[in-house]
Amino acid sequence: MEVQGFFTAIIIGLIIGALGRLVVPGKQKISILLTLAIGVVAAILGTLLAGALGVDDTPGIDWIELFLQVAFAAVGVALLAGTYGRRRH
């Protein structure tokens with residue numbers, strides 16, 4: 001992976017992680033670094049699933065791929081926020 005690709009993955013991960021946090025109702029008590037990690041993993045998983053479904057390369061904006069990435073991020077945020085919330089109380 002090139003340096004440019006690494007920084008692009010971080011930026012996309014931040015955006016996907018933030019969108020995932022916005023989709024999940026309530027307050028999430030997880031750090032921004034954990035949100036970034038969830039976003040990067042969600043972006044990768046969403047891209048892989050979109051490729052498996054054959055919807056990863058469409059004309060214009062890849063809305064289905066973006067939806068899949070945000071859905072993975074929302075699930076990841078919800079799971080980890082629930083785990084962290086239970087451990088701290």
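Helices (H or I, at least four residues) and strands (E, at least two) are taken here as DSSP runs, numbered from the N terminus. The structure is a predicted model, in which local features need pLDDT of at least 70, side-chain atom pairs count only at pLDDT 80 or more, and totals for chains, interfaces and linings use all residues. Residues are numbered from 1 along each chain as its sequence is written, and side-chain values use heavy atoms, with hydrogens and water left out.

The protein chain contains three helices and zero strands, and its elements follow the order α-α-α from the N terminus on. Confidence is expressed as pLDDT, the predictor's confidence in each residue, from 0 to 100. The chain has an average pLDDT of 81, and 88% of the residues score at least 70. Where pLDDT is low, the predicted coordinates should not be read in detail.

Burial was classified by relative accessible area: buried means under 20%, exposed over 50%, and partly exposed in between (1.4 Å probe, protein chains only). Of the 89 residues in the protein chain, 30% are buried.

A nonpolar surface patch of about 770 Å² is formed by Ile11, Ile12, Leu14, Ile15, Leu19, Leu22, Ile32 and Leu33. Patches are made of residues with over 30% relative accessible area and no salt bridge, like charges being joined within 9 Å and nonpolar side chains (Val, Leu, Ile, Met, Phe, Trp, Tyr) within 5 Å. A salt bridge is a side-chain nitrogen of Lys or Arg within 4 Å of a carboxyl oxygen of Asp or Glu. Accessible areas come from the Shrake-Rupley method with a 1.4 Å probe, and for residues only the protein chains shown count as cover. Helix H1 (3-23) and helix H2 (32-53) each contribute at least two residues to the nonpolar patch, and the largest share, six residues, comes from H1. One of the patch residues, Leu14, lies in helix H1 and is partly exposed because its relative accessible area is 38%.

The expected span of a helix is 1.5 Å times one less than its number of residues. The 22 residues of H2 should therefore span 32 Å, and the end C-alpha atoms, 31 Å apart, agree with this value. Buried positions in H2 are Leu34, Thr35, Leu36, Ile38, Gly39, Ala42, Ala43, Gly46 and Ala50. Just after H2, Gly54 adopts a positive phi of about 80°.

The unreviewed UniProt entry places the feature "transmembrane region" at residues 6-24, 31-54 and 66-85; UniProt positions are given in the numbering used here, feature names are shortened, and annotations may be inferred rather than shown by experiment. Over residues 31-54 the model is 92% helix and 0% strand, with the end C-alpha atoms 34 Å apart.

The loop between H1 and H2 includes Lys29 and Ile30. Ile30 is buried because its relative accessible area is 9%, whereas Lys29, at 42% relative accessibility, is partly exposed. The C-alpha atoms of Ile30 and Tyr84 are separated by 7.1 Å, although these residues are 54 residues apart along the chain. Lys29 and Leu80, 51 residues apart in sequence, are 8.9 Å apart in space, C-alpha to C-alpha. Ile64 is located in helix H3 (residues 63-88) and counts as partly exposed, at 47% relative accessibility. A distance of 9.1 Å separates the C-alpha atoms of Ile64 and Gly46, which are 18 residues apart along the chain.
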